[in-house]
Amino acid sequence: MDDCIFCKIISGEFNTDFVYENEDVVVFKDINPKADTHLLVVPRKHVASLNELDDELLMGKLLMTVKEVTKKLGISSYKTIINTGKEAGQVVFHLHIHILAGNIKL
Ligand code: AMP
Ligand code: ZN
């Protein structure tokens with residue numbers, strides 16, 4: 001999607017470092033961290049929010065990526081958040097899962 005910041009990150013427009021990536025999902029650091037570790041788990045495919053999700057396999061892939069990346073980083077205790085819709089605090093309308101660990105401020 002042309003005007004989507006996460007699509008631009010995924011396409012490499014900002015040379016963002018991916019903490020982890022696979023065929024379907026990328027993981028990068030949140031620019032405004034609310035914990036010692038604050039990562040965003042993002043599908044390569046543009047889906048605006050959970051409300052628009054129609055791919056039943058994708059959420060499983062995202063959650064398995066949460067498991068894999070936290071394991072890789074040695075993090076066993078963490079919070080996951082999915083904000084859906086403006087009133088719930090969604091700012092970027094490209095589906096993503098927040099991973100927060102250590103001194104969580106949310
Ligand atoms: P949400 O409120 O769930 O939509 O979360 C969007 C998150 O994306 C916020 O925590 C922002 O700090 C983060 N964010 C916005 N732009 C960028 C960016 N260019 N790189 C990394 N994280 C970003
Ligand atoms: Zn997008």
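Where is the place of Thr-65? Thr-65 sits in helix α2, which spans residues 58-73. Helices here are DSSP runs of H or I with at least four residues, strands are runs of E with at least two, and both are numbered from the N terminus.

Before I continue, a word on the basis of this talk. The model is predicted, so local features need pLDDT of at least 70 and side-chain atom pairs count only at pLDDT 80 or more, while totals for chains, interfaces and linings use all residues. Residues are numbered from 1 along each chain as its sequence is written, chains are lettered from A and ligands numbered from 1 in the order in which they are written, and side-chain values use heavy atoms, with hydrogens and water left out.

To return to Thr-65: this residue is buried, with a relative accessible area of 1%. Buried means under 20% relative accessible area, exposed means over 50%, and partly exposed lies in between, with a 1.4 Å probe and protein chains only. Apart from neighbours within four places in sequence, Thr-65 is in contact with Tyr-20, Asn-22, Val-25, Val-27 and Val-41; contact means heavy atoms within 4.5 Å.

I turn next to the strands. Strand β3, residues 37-43, has six of its seven residues buried, so the rest of the structure largely encloses it. Strand β2, residues 25-29, runs antiparallel to β3, and five bridges join them; two strands pair if DSSP finds at least two bridges between them. In this pairing, Phe-28 stands opposite Leu-40. Five bridges also join β3 to β5, again antiparallel, and there Thr-37 faces Ala-101.

One pair links distant parts of the chain: Cys-7 lies in helix α1 (residues 5-10), and His-94 in the loop between β4 (79-81) and β5 (97-101), 87 residues apart. Both count as buried, Cys-7 at 12% relative accessibility and His-94 at 0%.

The ideal angle for four tetrahedral donors is 109.5 degrees.

The largest pocket holds about 490 Å³ of space. A pocket is an open set of points on a 1 Å grid over the protein atoms alone, where a 1.4 Å probe fits, with protein on both sides within 12 Å along at least five of seven lines; lining residues have an atom within 4 Å of a point. Its volume is the space filled by probe spheres set on the points, which are joined across faces, edges and corners. Of the 22 lining residues, Phe-6, Asp-30, Ile-31, Leu-40 and Val-92 lie nearest the centre. Helix α1 gives the largest share of the lining, three residues.

Finally, the backbone. Most residues other than glycine have a negative phi. Asn-15 has a positive phi of about 50°; this residue is in the loop between α1 and β1 (20-21) and is exposed at 69%.
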